[in-house]
Amino acid sequence: MTQQADTTRSATNSMPPAPGKRRKWFWLLLLVGITIGAGYAWQRHQAGVPRGEETGRSGKTGSGRYMAVAAQPVSVQVVQQRDVRVLVNAIGNIAAGNTAVVHTQVDGVLQALHFKEGQPVRAGQGLAQIDPQPFQIALVQAQGTLARDQALLRNAQLDLKRYRDLLAKDAAPAQQVDTQEALVQQLQGSVLADQAGVDNAKLQLSYTHVVAPISGLAGLKQADLGNNVHTSDTNGLLSITQTQPVNVVFAVPESRLPRIRKQLQAHATLRVEAWDQDQKTLLAVGKVASTDNAIDPTTGTIRIKALFPNKDNSLFPNQFVNVKLQLDTLPGALAVSSAAVQRGAPGTYVYVVDGDSMVSLRRVTVGAVDGDWTAVQGELKAGERVVVDGADRLRDGAKVQVIDATKAASAATQATSHKHGASGAQAAASGERPRWMDRVPPDMQDKLKAMSPEDRKAWFQKQRSQGN
């Protein structure tokens with residue numbers, strides 16, 4: 001009996017669930033799915049993201065509606081007819097006009113320094129003083145020797161005169177007169193040697209006062225007070241670099257050499273500009289002075305030396321600068337902003353905006369580049385508007401909306417109370433990415449950034465009202 005009951009229970013447990021239980025689990029799972037879907041839809045609704053825009057595609061929405069494709073916001077600039085310079089860009093190195101290492105010309109103890117490190121000095125200006133006492137003593141000694149020999153010479157000259165008088169009266173032999181003349185000449189030589197010794201002692205004494213050989217900037221001192229300095233010291237006392245004028249040495253391709261030499265032979269002035277490393281600040285303006293006598297076969301370039309007055313000392317020896325050498329000027333050339341020139345499969349082209357806010361692709365040939373302007377040739381006319389910002393997603397015949405880049409940038413930095421506008425302006429001011437950019441498709445980000453905070457707020461409210 002017990003065995004039969006166990007068999008009955010085992011058979012009962014192996015039977016499938018009743019239909020009522022299966023329906024219960026089905027409705028429970030369905031309710032969970034609906035809850036998750038509703039939460040996801042509510043989250044997207046709060047973020048203001050239209051349905052069908054999650055992947056960055058514009059087109060059909062979740063309800064089957066199509067969103068209107070807005071015009072692409074762009075910035076434009078007018079094509080101009082202006083003079084465009086033909087420039088050659090290079091990297092230059094500042095070389096001092098002259099560099100002098102000041103050495104002492106006598107050995108001695110350094111007593112004084114009369115210059116300030118890094119400050120300008122003039123040629124002939126006193127720089128240092130070496131102990132002069134040993135040289136003063138040597139001068140006195142040389143002067144004493146000279147005075148003694150001068151006295152001997154005068155006495156010999158008087159004796160010679162007496163001997164000549166006696167010889168004229170046949171009272172003295174001729175040999176005595178000849179011997180006296182030889183003695184006078186000997187003493188004259190001694191006096192000359194003594195005079196040279198005196199002059200040399202004075203010169204050595206003057207060397208104890210060290211002066212600047214050239215005008216320029218004084219370097220750091222290489223000896224301290226009280227040191228015993230020598231003429232053989234490798235570093236000397238200091239170095240002086242001449243910075244007014246100063247030279248800039250740079251290399252240009254050998255293909256530019258014929259035009260450069262032609263203008264130099266015609267005594268034409270070739271303008272050279274020196275710019276800082278970022279090429280944003282003009283440091284100085286000079287002119288080409290000379291060229292090297294040979295082309296470097298390794299690089300195929302020729303070295304050019306340019307002369308800069310450098311009145312304000314804006315150029316410093318051994319400084320690297322960006323050089324712009326002006327070879328010629330294209331008068332009245334058709335020029336566009338360098339940002340307007342696009343390069344792609346069609347070649348080199350620009351987008352021109354017509355009166356109906358439609359863009360057309362125009363192929364152009366690029367010429368000289370002068371700063372922010374590029375000389376072009378092609379189907380363009382002065383006064384036409386070309387796209388300078390926002391051209392990366394344009395196509396020929398696309399609809400655009402011309403915006404003022406300056407106003408758009410200032411509007412993006414204004415703070416508003418709206419959660420999207422305020423956060424976007426604060427992020428733009430701090431250089432951070434606004435949070436709302438993570439919730440809109442890529443093709444709408446630039447449009448929203450170009451809007452004012454009020455327009456951006458209205459756009460988000462419209463999307464919410466449409467249930468997107």
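This is a working chat about the predicted model shown above.

Colleague: Which ground rules apply here?
Modeller: It is a predicted model: local features need pLDDT of at least 70, side-chain atom pairs count only at pLDDT 80 or more, and totals for chains, interfaces and linings use all residues. Residues are numbered from 1 along each chain as its sequence is written, and side-chain values use heavy atoms, with hydrogens and water left out.

Colleague: How many helices and strands in the protein?
Modeller: Nine helices and 21 strands. Helices (H or I, at least four residues) and strands (E, at least two) are DSSP runs, numbered from the N terminus.

Colleague: What share of the residues is buried?
Modeller: 35% of the 468 residues. Buried means under 20% relative accessible area, exposed over 50%, partly exposed in between (1.4 Å probe, protein chains only).

Colleague: Switching to α5. Which of its residues are buried?
Modeller: L257, I260 and Q263, in a helix that spans residues 257-265. They lie on the same side of α5, because they cover an arc of only 135° around the axis. The arc is that of the directions from the helix axis to the C-beta atoms.

Colleague: Why would that spacing line them up?
Modeller: An α-helix has 3.6 residues a turn, so residues three or four places apart point the same way.

Colleague: What do the buried residues of α5 pack against?
Modeller: Four strands: β11 (246-253), β13 (282-291), β14 (301-308) and β15 (320-337). The face turned away from the buried side carries P258, K262 and Q265, which are exposed.

Colleague: What follows α5?
Modeller: H267, with a positive phi near 60°. H267 is not a glycine. Its place is the loop between α5 and β12 (271-275).

Colleague: Is H267 buried or exposed?
Modeller: Exposed, because its relative accessible area is 73%. N310 also has a positive phi, about 55°, and is not a glycine. N310 sits in the loop between β14 and β15. N310 counts as buried because its relative accessibility is 3%.

Colleague: Which peptide bond is cis?
Modeller: The one from Q244 to P245, with omega near 0°. P245 is in the loop between β10 (238-241) and β11.

Colleague: Now the open sheet. What is the strand order?
Modeller: β7-β6-β4-β9, four strands with antiparallel pairing. The edge strands are β7 (209-211) and β9 (228-229), each pairing on one side only. Two strands pair if DSSP finds at least two bridges between them.

Colleague: How many bridges join β6 to β7?
Modeller: Three, with β6 covering residues 126-130. Q129 has H209 in β7 as its bridge partner. Three bridges also join β4 to β6, with L113 opposite A128. β4 (residues 108-113) and β9 pair over two bridges, and G108 stands opposite V229.

Colleague: Last one. What is S337 in contact with?
Modeller: Leaving aside neighbours within four places in sequence, Q77, D372, W373 and V388. S337 is found in strand β15. S337 is buried, because its relative accessible area is 10%.

Conventions:
Contact means heavy atoms within 4.5 Å.
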